Amino acid sequence: MLIVQKYGGSSLQSAEHIKNVAKKVQHTVEQGHQVVVVVSAMGDSTDILLELAEQLATMPSARELDQLLSTGETQSSALMAMTLEHLGIPAKSFSGRQAGIITSYDYGKARIEQVDPKELRNALAVGITPVVAGFQGVTRSGDVATLGRGGSDLTAIAIANALGADRCEIYSDVAGVYTADPRIIPSASPLGMLSYDEMLELASQGAQVLQTQAVEFAKGQQVPIYARSTFSDEPGTIISEGESIEKPPVTAVALNRHIAKLGLLGVPDAPGVAALIFGELAKHGINVELIIQAVSHNQLNDIAFTIEEQDVKRAEPIVKSCLQQLGGHSLVIDTHVAKVSAIGSGMLGRPGVAARVFKALANGNINIQMIGTSEIKISCIIDRSDAERALALIHEEFNLGKSAEMIED
């Protein structure tokens, strides 16, 4: 088999960790498989580089920031290749450019437009294990562009698709996907299988197992993902199109504590108001999630929405400018909120699921500030101080702590 294996930063945070991963790769190769390894930066390397950049420049150039941050993965790939060579496994490191990954020009959150795996194929053909620096590619003009947080997941899935790999394994410090973050909910159960749509909702609502963009790519190209632990031999979770015949209404719950709520008070109740506000935010690459518009009163309205907390500083002057243009009353920013979400394709066509979510929170005396839904998701914005308790209450309401059968390898 041809297997793509991706290892995250927590799996590579020290020399001993790198040696451990190299032995896992060695074991796979010695079983007769061809392997392409994709690596993230070691431990907190990316955060350390980002902090350093912010100490030197208030608003670093996006191009230069990508040039800087990509070095973390390049370092990991060279170190891993050296370690594999030391173990007797012929290996060669590849940057995103050398691996043939062409991206859009959206620095910091680029999308993969094309993968030319010629050099990877050449290496595999002569018995060399390629070790690819994840999280990065190059624009058509040759500039380095990074793929956003968790972008090494996308690198691995895109390479697996381009090579026609038999499987793509994503390794982290947890044994697959759980019904909730096991670091918050100790009774959380591992899930043997998830649909792409369920994983997309989980990833977008705060579960940090896989990058949202990577799951979107996998769904579009029908690449099955095997989410596994670097530190155990548990089989993990398969993310694919397939689903079991009978599913519970809620498969898992997710928590995002890194959001903020913005409220524009007293804006005109007229056509084009929402288009102006959200159009300006979109121009600056700020993603908006939940949106609520109040009932009109005296031809005025209130509009509230949520964004990622890291975008607040950029969003504030944009929204204030819109408010001034519209003649609105005021802007309220709340960074003490969190989003808790219940996700599951089993809620399709099944009434009463939302009521159970709201009841669980009410029983815990937790106020719901905003609500957002899709066919397989119910999200509630709550006070951040209630975040972990809310997650536990919903997890318990749907009996997600009972044992779940894992997949057979």
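Author: Let us begin with a single residue in this predicted model, namely serine 172, which has a relative accessibility of 17%.

Reader: Why is serine 172 called buried?

Author: The word buried applies under 20% relative accessible area, and because serine 172 stands at 17%, it counts as buried. Serine 172 belongs to strand β9, and, leaving aside residues up to four places away in sequence, it touches Ser10, Ser11, Arg228, Ser229, Thr230 and Phe231.

Reader: What makes β2 largely enclosed by the rest of the structure?

Author: The reason lies in its residues: 5 of the 6 residues of β2 are buried, so the strand is largely enclosed by the rest of the structure.

Reader: How do you know that β2 pairs with β6?

Author: Two strands pair if at least two bridges are found between them, and strand β2 (residues 34–39) and strand β6 (residues 129–133) have 3 bridges, in the parallel sense. Valine 38, for instance, has valine 132 in β6 as its bridge partner, and valine 39 stands opposite alanine 133 in β6.

Reader: How do you know that β1 and β2 pair as well?

Author: By the cut-off of at least two bridges, β1 and β2 count as paired, since they share 6 bridges in the parallel sense. Here glutamine 5 stands opposite valine 37 in β2.

Reader: Which elements make the right-handed β-α-β unit?

Author: That unit is made by β1, α1 and β2. Helix α1 (residues 15–30) lies across β1, β2, β6, β9 and β11, and runs at about 175° to β1. Helix α4 (residues 118–125) also packs on the sheet, where it touches β1, β2, β3 and β6, and its direction makes about 150° with that of β6.

Reader: In what order do the strands of the open sheet stand?

Author: The open sheet is formed by 8 strands in the order β3-β6-β2-β1-β9-β11-β12-β10, and its pairing is mixed.

Reader: Why is one side of β3 and of β10 left without a neighbour in the sheet?

Author: Both β3 (91–94) and β10 (193–195) stand at the edges and have a single partner strand each, so one side of each is left without a neighbour in the sheet. Across this sheet, neighbouring strands are turned by 20° against each other on average, with direction ignored.

Definitions and conventions. Residues are numbered from 1 along each chain as its sequence is written. This is a predicted model: local features need pLDDT of at least 70, side-chain atom pairs count only at pLDDT 80 or more; totals for chains, interfaces and linings use all residues. Side-chain values use heavy atoms; hydrogens and water are left out. Helices (H or I, at least four residues) and strands (E, at least two) are DSSP runs, numbered from the N terminus. Axes are lines fitted to C-alpha atoms, for helices over the stretch in contact, and angles run from 0 to 180 degrees between N-to-C directions. Contact means heavy atoms within 4.5 Å. Buried means under 20% relative accessible area, exposed over 50%, partly exposed in between (1.4 Å probe, protein chains only). A crossover is right-handed if, with the strands pointing away from the viewer, the path from the first strand over the helix to the second runs clockwise.
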